[in-house]
Amino acid sequence: MSESSPSFLERHQFVIYRLFSLSGLIPVGAFLAVHLLTNASILAGDDGRTFQSRVDMIHSLGPLLVPVEWAFIFLPMLFHAAVGFVIIANGLPNVGSYAYVGNVRYTLQRATGMIAFAFIVWHIMQLHWLGKPFGGGKFDPHQAASTAATALQPTLTSILYTIGILSTVFHFSNGLWTLGITWGLWTSPAAMRRANVVSIVVGLGLAAAGLGALGGFRSLDVSKAREAEVWTEKQKRALSVPGGAVAPSPIPASTH
Amino acid sequence: MIKAADSAADLVHGAGGDDHGAARSVVRVRVLRQDVAGGESYWERFEVSYEPNMNVISVLQKIAAQARSQDGRKVAPVAWDCNCLEEVCGSCTMLINGRTRMACSALVDRLQAESGDEIELRPMSKFPVVRDLVVDRRRLFRGLEKVKAWVPVEGSYDLGPGPRISPEEQEDAYPLSECMSCGCCLEACPQYTKVEAVRRDDESEADFEKRRKSAFDTGFVGAHAISQAVLFNAHPTGRMIADERMEALTRQGGIQMCGNAQNCVAVCPKRIPLTRSIARAGRAATVWALKKLFDR
């Protein structure tokens, strides 16, 4: 059965599982929160100007953005997903026999983890420049609001985004609660209940931000947003890229 | 005294409900049987006469006495484990109507009120079946052995009296000491999955023993063992080997395997605060791992 010497994963199971737990909060969960709150700025009602300025802030990292993305977002996420699939494969959900709230959450945590993984892969392919070879990569940081809004217009896309956002947010906020137990932050049933309230509030807040952003993009007036972006682009050119701001788009501003 | 007993019986009757009047005269049972370890399992139905205040053990006793299935065939009596008959020994765990619990404290009246006429009995699903409802819970005890769930007092000379334990510590520890190794927490745990080692023809008993032990150790150690580790790490004398317990709890199959489904605490017949123990062990493991990393 297990006569072969234990694998690397087996010998370092404790450390790997703890890093898995931690990575769900830092950096993956922290990124999720920042990402959803940034997107929610589309609700400012200024044709995406606030959102564009937030995007500019992120892209002010310039060429550093790529290693930062890989080190703090993609690789931790891949690690979390890989270990997560091992954990899912080793468990045997039994919510049919024991329909306790905790057990339902255990099962949902695994289901939403898998949904979130599929959604995030698709989301990256659809909007991030990594998806360009596959006909995706529709998001243009110079035309942040209008390109995002255009990509999110199809009804099916919106439905899938709603499922994806809710799954991801549930997975994060429920994971926040279990992380506290795993590391021994909250140990008594009463403390777990209090932490649960906090996790639910965090979850509802992020769900509101995520779904609000989705609604904001869908109801955005794309042509007005495009006008605003052209105007912003002209301003940047006129100011000849002040320190920290994004480089001007190579696309001539008069295309629209 | 007799009067009190009578009224207690009335209470049970009341809980049973009179709408099951039709089921009153007989108790129908469906048992998942298995003749030998590793053999095929099959369902068999039984019917025994009803008596007030029956529990599942008394139903099984009647089945053994009549040794006939519902359709009148002569069959071997159903095998099961039991001992104390008062929910303190932990030996009669089985799946009753799909849920893990003690057969001795499962009252027929309540079972019929909950889920109708027929009672379903299955052996625990996380341990290898020996025969019918009897399972081999060796892995459960291996878990206790792994975390050294005892106070080390063996020695060649008198160690003298141990340190005093404050009433507060006693109150904290007492619920954990109520564990009777029934295995309900393991049966209900989605992270504790069955490990069944089968002896090979060319294998000696000792070799098989060794292989089985290491197979057990790859799986989750279980809530019961974690809670016992917490109990003995809180004991002033037991604490002397606290590091060895932490080492065991952070090895493969250790506390990290917990998935926080919290079924263990929900099904524990002794209402042991298992999730509190797991969280405390989690905290201890955090501290222990950091110490290991920085203090060496």
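Predicted model: local features only at pLDDT ≥ 70, side-chain atom pairs only at ≥ 80, totals over all residues.
## Helix α4 of chain A

Helix α4 of chain A runs over residues 65-90, 26 residues in total. From its first C-alpha to its last, α4(A) reaches 36 Å, close to the 38 Å expected at 1.5 Å a residue. The helix is bent by about 35° at A:Ala71.

Four residues are listed as buried in α4(A): A:Pro76, A:Met77, A:His80 and A:Gly84. An α-helix has 3.6 residues a turn, so residues three or four places apart point the same way.

## Contact between chains A and B

Chain A gives 28 residues to the contact, and chain B gives 31 residues. On the side of chain A that touches chain B, the elements that give two or more residues are α2, α5 and α7 (155-182) of chain A. The largest share of that side, 4 residues, belongs to α2(A). Sorted by class, the side of chain A that touches chain B has 13 nonpolar, 12 polar and 3 charged residues.

## Domains of chain B

Chain B is divided into domain 1 (23-131) and domain 2 (137-294). The centres of these domains of chain B, taken over C-alpha atoms, are separated by 30 Å.

Between them, 15 residues of domain 1 of chain B are in contact with 16 residues of domain 2 of chain B. Strand β4 (residues 99-102) of chain B supplies the largest share of the domain 1 side, 3 residues. By class, that side of domain 1 has 6 nonpolar, 6 polar and 3 charged residues.

Conventions: Residues numbered from 1 in each chain as written. Chains lettered and ligands numbered in written order. Expected span 1.5 Å × (residues − 1). Bend = angle between axes of the 7 residues up to and from the residue. Buried ≥ 20, exposed ≤ 12 C-beta atoms within 10 Å, placed from the backbone. Contact = placed C-beta atoms within 7 Å. Nonpolar A, V, L, I, M, F, W, Y, C, P; charged D, E, K, R; others polar. Domains from an automatic or database assignment.
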